[in-house]
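Hi,

Here is the structure I promised to pass on. Have a look at it first, and then read my notes below.

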Amino acid sequence: RGGRIVAARLENVKYESTRGKAPLLEFADVLLAGLASDGGLYVPTEFPKFTPADLESFRQKSYSEVATQVLTPLVSPSIDSDDLAKMVEESYTTFRHPEVVPVRPLTTERNENLFLAELFWGPTFSFKDVALQLLGRLFEHELSRRDTNVTIVGATSGDTGSAAIEACRDRDGINLIMLHPRGRVSEIQRRQMTTVESANIHNVAIDGTFDDCQDLVKAMFADTAFRDSHRLGAVNSINWARVAAQTVYYFTTASKLVGPNEPISFCVPTGNFGNIFAGYIAAQMGLPLDRLIMASNHNDILTRAHLSGVMEIREVRPSTSPAMDIQVSSNFERLLFELSGKDSSWLSEAMREFRTEGVLALPQNILELLRISFEAGAASDQQVAETISELHSTQHDFLDPHTAVGVNVARRFDSHNSPIAVMATAHPAKFETAVADATGLNPPQPEEIAALAGIPERCTELGDDLNAVMEFVSSVSQ
């Protein structure tokens, strides 16, 4: 009873837009499209289901074997299972840990049912590698099959950029342009992007916030003529393939901590909502969940929405966890679509109201459903520093500030006698200053990160100006 037999009862998964006006597509078309033509995000019309027997089998399988089993029904019939298995295997041999995503107890001295799922053992020491190492190979495979090329345009608050660059550098048929907010990513995050010499990689520092960068990308995709003429593609989590690949580590983490019929909770440092939404999708595919806990820093729009029922955009304030300095969480639209019973008419109007007015009151029925599956909490920079300090003093362990947000929030919730896995999203060395300020010591630095200091950087600086960015993209794609 392999997952292929059970899950492949959906042999041909179709994808629909959350806005309801774009055509249904198969996986390969969704991969290359990124954003739907109506401005919405693609989601499966139905989810493959895995049985307790499937979940039990995951306990004996490697990460790559589980990934192939989980993803095969989602990519079929666009990509053959054997081709997928090869790409998956190639993707995860780039990781520095044999388990790809190892899981360990958070502490040994406190009576806690908390664990860390370490997502950061990929090439750029960030959880983004888990999805993007595969995404780069999926792009190259499909572009080669179609004998065409793509100009990938992305926005990053830090880690997506370096992970996408590492995944796409020197790949045939791909030009990659990555926007980041100037001065709002860590020095190591910036250097991981700007020191790459590959001719197909282009970095742009935008004078603005991550939300500004993300809006520029969405505006280019919304311009259908521009998008088509330059063959734009997406690596941000607006691309469904990113979310799909992230579902896998929820299954593998659960298989290490609980039985196939036992629930588990996950606490996820949350910015753009893609990582935690992948956990929600895993639950729709049969993974027994207790709760998903949204952990925000002081840019806490999602935590406030969960508590009050009102989404309200406020000014983005820099923090020690910059990858979470976001007020418009793109993937929350996917969740609202599912919780509304796939009411694309309501969602389209709601998203228009939210972006126009900066405020959206969630309908009571949607708010109630949100609170059934999700909890939420926020941690200040001071609380983050205290958490990093305590873990180091008691465990001689270093946490990056994003993971520390998750740990701080997770400790506020009763475990319900089931484990809570905190998603550890980045290696502490990527945020050396914040960690050193909290502990008085620099975290150990992998040699790949230490080597960045002596390499020249390449980056173009532009204002928050759509026309200027489109001109840059045009010059690159031509």
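**What turned up**

Let me start with one threonine: Thr303 touches Met294, Ser296, Ala376, Gly377 and Ala378, leaving aside residues up to four places away in sequence (contact means heavy atoms within 4.5 Å). Before going on, a caveat: this is a predicted model, with local features needing pLDDT of at least 70 and side-chain atom pairs counting only at pLDDT 80 or more, while totals for chains, interfaces and linings use all residues. Numbering runs from 1 along each chain as its sequence is written, and side-chain values use heavy atoms, with hydrogens and water left out.

Back to Thr303, which sits in helix α14 (residues 301-308); helices (H or I, at least four residues) and strands (E, at least two) are DSSP runs, numbered from the N terminus. Its side chain makes a polar contact with the side chain of Ser296 at 2.9 Å (a pair of N or O atoms within 3.5 Å; within protein, one must be able to donate a hydrogen and the other to accept it, and residues adjacent in sequence count only if both atoms are side-chain atoms). Thr303 counts as buried because its relative accessibility is 4% (buried is under 20% relative accessible area, exposed over 50%, partly exposed in between, with a 1.4 Å probe and protein chains only).

Next, a sheet. Six strands form an open sheet with mixed pairing, in the order β3-β4-β14-β9-β10-β13 (two strands pair if DSSP finds at least two bridges between them). At its edges are β3 (103-105) and β13 (374-378), each pairing on one side only. On average, neighbouring strands here are turned by 25 degrees against each other, direction ignored (axes are lines fitted to C-alpha atoms, for helices over the stretch in contact, and angles run from 0 to 180 degrees between N-to-C directions). Helix α13 (residues 274-284) packs on this sheet, touching β9, β10 (289-296), β13 and β14, and its direction makes about 170 degrees with that of β10. Helix α19 (residues 401-410) lies across β4 (114-118), β9, β10, β13 and β14, at about 160 degrees to β14. Within the sheet, β9 (residues 264-269) and β14 (residues 420-424) run parallel and are joined by three bridges, with Ser265 opposite Ile420.

Then there is strand β6 (residues 174-181): seven of its eight residues are buried, so it is largely enclosed by the rest of the structure. It pairs in the parallel sense with β5 (residues 150-155) over six bridges, and six bridges also join β6 to the parallel strand β7 (residues 201-207). From β6 the chain crosses through helix α8 (residues 187-194) to β7, a right-handed β-α-β crossover (with the strands pointing away from the viewer, the path from the first strand over the helix to the second runs clockwise).

Finally, the aromatics: the structure holds 14 aromatic pairs (rings of Phe, Tyr and Trp, its six-membered ring, pair if their centres lie within 6.5 Å; planes under 30 degrees apart count as stacked, over 60 as edge-to-face and the rest as tilted). Tyr63 and Tyr92 are edge-to-face, 5.1 Å centre to centre with 75 degrees between the planes. Tyr63 is in helix α4 (residues 63-75) and Tyr92 in helix α5 (residues 81-92), so the pair ties together parts 29 residues apart in sequence.

Cheers
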